[in-house]
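Student: I have a structure to read and would like to learn how its features are described. Could you take me through it step by step?

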Amino acid sequence: MTLDSDTRRRIIEQLRGARGERPVPSGGHPSTGGVFAALLEGRARIVDCFDDGRRRFVVLEATPAGEPLSARERSVVLALAVELSNKVAALELSISQATASAHVASALRKLGVDRLTLLRALAVIADWLAPAELAA
Amino acid sequence: MGFSGSAASFLVGAPIAEGESVAKPSARLHEVVIDGRTYLVVLADGLLTEDALSRGEASVARLAARGLCNAAIAARRGTSPRTVANQVARVLAKLNLRSRHALAAKVVFDDLGEVA
């Protein structure tokens, strides 16, 4: 599901003065990975992901009755998050590419997004993962 | 939507102040209510998502900015280092940057401010 253009415009309008935080060199934050964990555990879903030319908006919504991702689905989503190709992800997980694709497909169904939207959202959210997770 | 307290709290199990950083240095979490629906919006600045970049190029750019060498990026993406070198060169050309160090700096420090 994606939002209609009017809703997108209103979100951009509401956050007109808002911005991302001025960058700091590095160092984790106590809640690092919170958004990613919420997605994997089915507590949130990605409603939409769009850019206004300069900023990216990943729109999330709480899902009280969401379905958690299975261990394998989490693995393949994490693989997508760290920019592994399907081929490399399958090798890493010792499963076939077809199986990896099936896990990705079921994860996408639970998350309620298409692959491209998820990739675009992960490009932002994955940067919140702890270094240890990224090294996986 | 039946949230108790800040809707953001469902993400981390604790209330988050409006606009508080939730980890990524250049991203913040905002709560937006549209027609009675509460959305959480992750707002990210300084993206490498210029439309000119292909998905592969954007992926390579993010990995290069994290400090990975071409061989490591190639292994991760299942391509050859030569392909990665070409992609990095195209990214630098498209973004008008001189080096992958500049690329990393762009990712970390890009903070262009509000443009009318």
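Student: What share of the contacts in chain B between residues at least 6 apart in sequence join residues at least 24 apart?

Tutor: A contact means heavy atoms within 4.5 Å. In chain B of this predicted model, 37% of the contacts between residues at least 6 apart in sequence join residues at least 24 apart, and for chain A the corresponding value is 63%. As to conventions, residues are numbered from 1 along each chain as its sequence is written, while chains are lettered from A and ligands numbered from 1 in the order in which they are written. Local features need pLDDT of at least 70 and side-chain atom pairs count only at pLDDT 80 or more, whereas totals for chains, interfaces and linings use all residues; side-chain values use heavy atoms, with hydrogens and water left out.

Student: How is confidence read, and where in chain A is it lowest and highest?

Tutor: The term pLDDT stands for the predictor's confidence in each residue, from 0 to 100. Chain A averages 77, and 77% of its residues score at least 70. Confidence in chain A is lowest in helix α7 (residues 131-134), with a mean of 42, and highest in helix α5 (residues 97-111), at 91.

Student: Is Leu43(B) buried or exposed?

Tutor: Buried means under 20% relative accessible area, exposed over 50%, and partly exposed in between (1.4 Å probe, protein chains only). Leu43(B), which lies in strand β2 (residues 37-44) of chain B, has a relative accessible area of 0% and is therefore buried. Leu43(B) and Arg28(B) are 15 residues apart in sequence, yet their C-alpha atoms are 5.4 Å apart in space. For each chain as a whole, buried residues make up 49% of the 116 residues in chain B and 51% of the 136 residues in chain A.

Student: Which residues touch the most other members of the largest nonpolar core?

Tutor: In soluble globular proteins, nonpolar side chains tend to be buried together. A nonpolar core is a set of buried Ala, Val, Leu, Ile, Met, Phe, Trp, Tyr and Cys residues joined through side-chain atoms within 4.5 Å. Here the largest core has 34 residues, of which Ile46(A), Val58(A), Leu60(A), Val77(A) and Leu118(A) touch the most other members. Helix α6(A) gives the most to this core, with six residues. Beyond its neighbours within four places in sequence, Leu118(A) contacts Ile46(A), Leu80(A), Leu108(A), Leu111(A) and Val113(A).

Student: At what angle do α4(A) and α5(A) pack?

Tutor: Axes are lines fitted to C-alpha atoms, for helices over the stretch in contact, and angles run from 0 to 180 degrees between N-to-C directions. The angle between α4(A) and α5(A) is about 105°, with their axes 9 Å apart. Angles under 35 degrees count as roughly parallel, over 145 as roughly antiparallel, 65 to 115 as roughly perpendicular and the rest as oblique, and so α4(A) and α5(A) are roughly perpendicular to each other. Asn86(A), Lys87(A) and Ala90(A) of α4(A) make this contact with Gln97(A), Ala100(A), Ser101(A) and Val104(A) of α5(A).

Technical notes
Helices (H or I, at least four residues) and strands (E, at least two) are DSSP runs, numbered from the N terminus.
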